[in-house]
Amino acid sequence: MEKFKAAVIGCGTISPMHLDSIACSDRVDLVAVCDIVPEKADAAAEKYGVPAFYDYHEMFRAIKLDAVHLCLPHDLHTVVAQDAIRAGINVLSEKPMSIRYEDAVETVELAEEKDVQYGVIFQCRYNTPSKAVKERIADGHLGAVKGARVVLTWCRDDEAYYDQFDWKGTWEHEGGGVIIDQAIHSLDLANWMIDSTPVSVQSTLHNRHHKKMVVEDSAEGLIEYENGVMLSFFAMNNYPVDEPIEVRLLCENGRVRLSYDEAVFYYNDGTTEQVDNRPSEHLTASGGKAYWGLQHAVQIDQYYKALASEEPLDISGREALKIQKIICDIYKNNDHPLK
């Protein structure tokens, strides 16, 4: 089988998850890397033995690409994705799709018009516990979700975190704080389990502690769904450490407590079950952090199976619009520059 040719645009913190995932795949070859900071592009190019580019337009002209992976500041996801799609290149983007819902919709519609595969990374859906919960809802062991809550308490220190970036902590480039950057994964998991359309999103956002960023570091709210489910959430990044996220679901036939590491089921008949996370032995990426879920390689492999027409794309742009709408609605309820 002829391998797909891919490039990674953006050689920052998250890029090794994509670079290593491509390197361990038998479906795709890394043929280039690109970053506007030459030192970053050069370092990745040397490590992976590929050419470095500092302008993605130049890279598109120089190399025939099947796909690009976007590991960029949030505000660049839309513009670069659309440029690639217009060039006939398939796109796999880190979350979020954009910082404005209308831009995300425009990108999805463009990809569908150009018949280009547009995928968005939500790797935590591929954790063993996440898949187990979804399966037990579908097969009736848990039954339909009746209520849900999400709690995230992590640490994002001014000096240790926000000082490292010139774009994070800003409305213009990051589009928000703890919701769009950290809690988006937990909210996506809960929304995926509930599997209904939100009809109401209430929220309050605050910057309780951080001095070097202007976006929210604390958020809480309630999402009501068409099927009657209510999802409450609390997220903040002022905690001293990154505690495991917790998604709790009340279902027809029991309850479940889900984190990235495990799912514990409490069935109404008195039985219990625990499913621990089992990262793939064959599809791994080094340099990741536990709270990322460590399943980038699995989702990236699935993306290339879809490119090869072996199976449908799991998390397409159209699918990712569901959580993008929720995230943007959370911000619409509050006074901020993107309202």
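**Close-up views of a predicted model**

View 1. Once neighbours within four places in sequence are set aside, the residues in contact with Asp-188 are Phe-122, Arg-125 and Ile-323. Between Asp-188 and Val-256 the C-alpha to C-alpha distance is 16 Å, and the two residues are 68 apart in sequence.

**View 2. The open sheet of eight strands.** The strands of this open sheet follow the order β8-β9-β10-β7-β11-β12-β13-β14, and their pairing is mixed. The edges are formed by β8 (198-206) and β14 (272-276); each has a single partner strand, so one side of each is left without a neighbour in the sheet. From one strand to the next, the twist averages 10°.

**View 3. The pairing of strands β7 and β11, with the helices that lie on the sheet.** Six bridges connect strand β7 (residues 145-153) with strand β11 (residues 246-251), and the pairing is antiparallel. Val-145 has Cys-251 of β11 standing opposite. Helix α7 (residues 178-194) lies across β7, β8, β9 (218-225), β10 (230-236), β11 and β12 (254-258), and runs at about 160° to β7. Helix α9 (residues 317-332) also packs on the sheet, where α9 touches β8, β9 and β10. The direction of α9 makes about 55° with that of β8.

**View 4. The open sheet of six strands.** In this open sheet the pairing is parallel and the strand order is β3-β2-β1-β4-β5-β6. Strands β3 (52-53) and β6 (118-120) stand at the edges; since each has a single partner strand, one side of each is left without a neighbour in the sheet. Within the sheet, strand β4 (residues 67-70) runs parallel to strand β5 (residues 90-93), and four bridges join the two. His-69 has Leu-92 in β5 as its bridge partner.

**View 5. The packing of helices α4 and α5.** The axes of helix α4 (residues 77-86) and helix α5 (residues 101-114) lie 10 Å apart, and the helices pack at an angle of about 10°. Angles under 35 degrees count as roughly parallel, and α4 is therefore roughly parallel to α5. On the α4 side, the contact involves Thr-78, Ala-81, Gln-82, Ile-85 and Arg-86. These residues meet Asp-103, Glu-106, Thr-107, Leu-110, Ala-111 and Lys-114 in α5. Classified by side chain, the contact of α4 with α5 comprises four nonpolar, three polar and four charged residues.

**View 6. The crossing of helices α1 and α8.** Helix α1 (residues 15-23) and helix α8 (residues 296-307) cross at roughly 55°, and their axes come within 9 Å. The two helices are therefore oblique to each other. The crossing in which α1 passes α8 is right-handed. Met-17, His-18 and Ser-21 in α1 meet His-296, Ala-297 and Ile-300 in α8. The residues of this contact of α1 with α8 divide into three nonpolar and three polar, with no charged residue.

Technical notes. Residues numbered from 1 in each chain as written. Predicted model: local features only at pLDDT ≥ 70, side-chain atom pairs only at ≥ 80, totals over all residues. Heavy atoms only, no water. Axes fitted to C-alpha atoms, helices over the stretch in contact; angles between N-to-C directions. Parallel < 35°, antiparallel > 145°, perpendicular 65-115°, else oblique. Left-handed = near helix turned anticlockwise from the far one by under 90°. Contact = heavy atoms within 4.5 Å. Nonpolar A, V, L, I, M, F, W, Y, C, P; charged D, E, K, R; others polar. Pairing = 2+ DSSP bridges.
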